[in-house]
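This report describes a protein model by its core, one of its helices, its aromatic pairs and its backbone. The sequence and structure are shown first.

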Amino acid sequence: MTDYDQEKEMEIEALQAILMDDIEEIDPSDSGLITNNRCFQITLSPQEEDVDESAYTPVQLALIFSHTEKYPDEPPLLNVKSLRGINAEDLKSLKEKLEQEASENLGMAMVYTLVTSAQEWLGEKFAYNAQIEEPEEDDTAKDDIIVPHGEPVTVETFLAWRERFEAELALERAKLMPESALLAPKEKKLAGRQWFESGRAVAKGAAPVAEGSEEEDEEDIDFDDDFEDDEEEDMLDHYLASETSSHGSRK
C-alpha cells in the first residue's frame with residue numbers, strides 16, 4: 001500500500017533543498033485554492049539576478065500548489081498568480097498547460113517538473129534579459145568582407161592600353177638603334193632584326209650571320225608568330241600589373 005503522506009513529505013523536502021528561498025509555505029486562504037491542506041508558493045522569474053531591471057519590464061510569477069490526498073496518483077491542486085507584469089490571459093494559458101502536464105505525469109512526483117515547465121514558459125514569453133549581440137557580429141562580418149576596387153578589364157580598355165604600350169615600346173627600341181640608322185633614307189633603313197643580323201651588332205657580342213646562305217634558307221624558322229603570341233601575353237600581364245599598381249597608388 002502506497003504511503004502518500006511520506007511521498008509528499010519527501011517531495012517537499014527536495015523542493016526546499018533545490019529552490020531554497022524561492023519556495024515558501026503560505027496560508028491556504030491566500031492560495032486561491034479550495035483546500036485546508038498545506039499550500040506552497042514558488043516564485044519564478046525569467047530574469048537573472050545580476051541583470052539591470054531598468055533595461056526591461058520586470059516579470060514574476062507565483063506557482064502555487066497543494067497536494068491532494070492520493071497524490072501522486074492524482075494531480076495536485078494548482079494555481080498561478082502574477083507578481084509582476086503578467087496579464088490574466090497569459091496566466092490562464094499557463095495554468096491549462098500545467099494541468100495538462102500534471103495529468104500526463106501521474107504516479108510520480110511531478111511538482112519540480114511543473115516548475116521547470118513554468119520557468120521555460122516564462123523564458124520564451126518574457127525573455128527580456130537576453131542581450132542581443134547579433135548587430136555586432138554583423139559589423140564584424142562586414143569588416144571581413146573585401147570589396148574589390150578598380151575597373152574591370154575589357155577588350156576596349158586592353159586595346160587602348162596596348163596601343164600606348166606599343167608606342168612606348170617602339171620608342172624604347174628606337175633609343176637602342178644607332179643614330180645613322182635612324183637618319184638614313186627610308187629605302188636604306190634596316191629593320192631591327194636586319195640590323196641585328198648584320199655585322200653591325202658584333203660589337204655588342206652578337207655573332208654575325210651571313211646573308212643569303214643556303215643553310216639559312218633551309219633552316220630558317222619563322223619565329224614571328226610565336227614571338228607575337230608571347231608578346232601579346234607579356235603585354236596582357238604587364239597591363240594587368242600596371243592597372244593594379246595604378247589603382248593601389250590612387251588609394
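Which residues of the largest nonpolar core touch the most other members?

## Nonpolar core

They are Ile42, Leu44, Leu61, Phe65, Ile86, Leu98 and Leu122, in a core of 27 residues. A nonpolar core is a set of buried Ala, Val, Leu, Ile, Met, Phe, Trp, Tyr and Cys residues joined through side-chain atoms within 4.5 Å. Buried means under 20% relative accessible area, exposed over 50%, and partly exposed in between (1.4 Å probe, protein chains only). Two or more core residues come from each of helix H1 (4–19), strand E2 (39–44), strand E3 (60–66), strand E4 (77–84), helix H2 (88–104) and helix H3 (111–125). H3 gives the largest share, six residues.

## Model and confidence

The model is predicted; local features need pLDDT of at least 70 and side-chain atom pairs count only at pLDDT 80 or more, while totals for chains, interfaces and linings use all residues. Residues are numbered from 1 along each chain as its sequence is written, and side-chain values use heavy atoms, with hydrogens and water left out.

The mean pLDDT (the predictor's confidence in each residue, from 0 to 100) is 75, and 53% of the residues reach 70 or more. In residues 129–135 the pLDDT is below 50, and this stretch has four contacts in the model beyond near neighbours in sequence. Residues 203–210 also have pLDDT below 50, with 10 contacts beyond near neighbours in sequence. Contact means heavy atoms within 4.5 Å.

## Overall fold

The protein has nine helices and four strands, in the order α-β-β-β-β-α-α-α-α-α-α-α-α along the sequence. Helices (H or I, at least four residues) and strands (E, at least two) are DSSP runs, numbered from the N terminus. Of the 251 residues, 25% are buried. Among contacts with a separation of 6 or more, 59% join residues 24 or more positions apart.

## Helix H3

The 15 residues of H3 should span 21 Å at 1.5 Å a residue, and the end C-alpha atoms are 21 Å apart, which agrees. The expected span is 1.5 Å times one less than the number of residues.

Val111, Leu114, Val115, Ser117, Ala118, Trp121 and Leu122 are the buried residues of H3. They cover an arc of only 165 degrees around the axis, so they lie on the same side of H3; the arc is that of the directions from the helix axis to the C-beta atoms. These buried residues pack against H1, E2, E3, E4 and H2.

## Aromatic pairs

There are two aromatic pairs in the structure. Rings of Phe, Tyr and Trp (its six-membered ring) pair if their centres lie within 6.5 Å; planes under 30 degrees apart count as stacked, over 60 as edge-to-face and the rest as tilted.

Phe40 and Phe65 are stacked, because their ring centres are 5.6 Å apart and their planes are at 20 degrees. Phe40 lies in strand E2 and Phe65 in strand E3, so the pair ties together parts 25 residues apart in sequence. Phe40 is buried, with a relative accessible area of 1%, and Phe65 is buried, also at 1%. Trp121 and Phe126 form an edge-to-face pair, because their centres are 5.9 Å apart and their planes at 70 degrees. Both Trp121 and Phe126 are buried.

## Backbone features

The peptide bond from Tyr71 to Pro72 is cis, with omega near 10 degrees. Pro72 is in the loop between E3 and E4. Met20, in the loop between H1 and strand E1 (23–26), has a positive phi near 55 degrees in a residue other than glycine. Met20 is exposed, with a relative accessible area of 59%.
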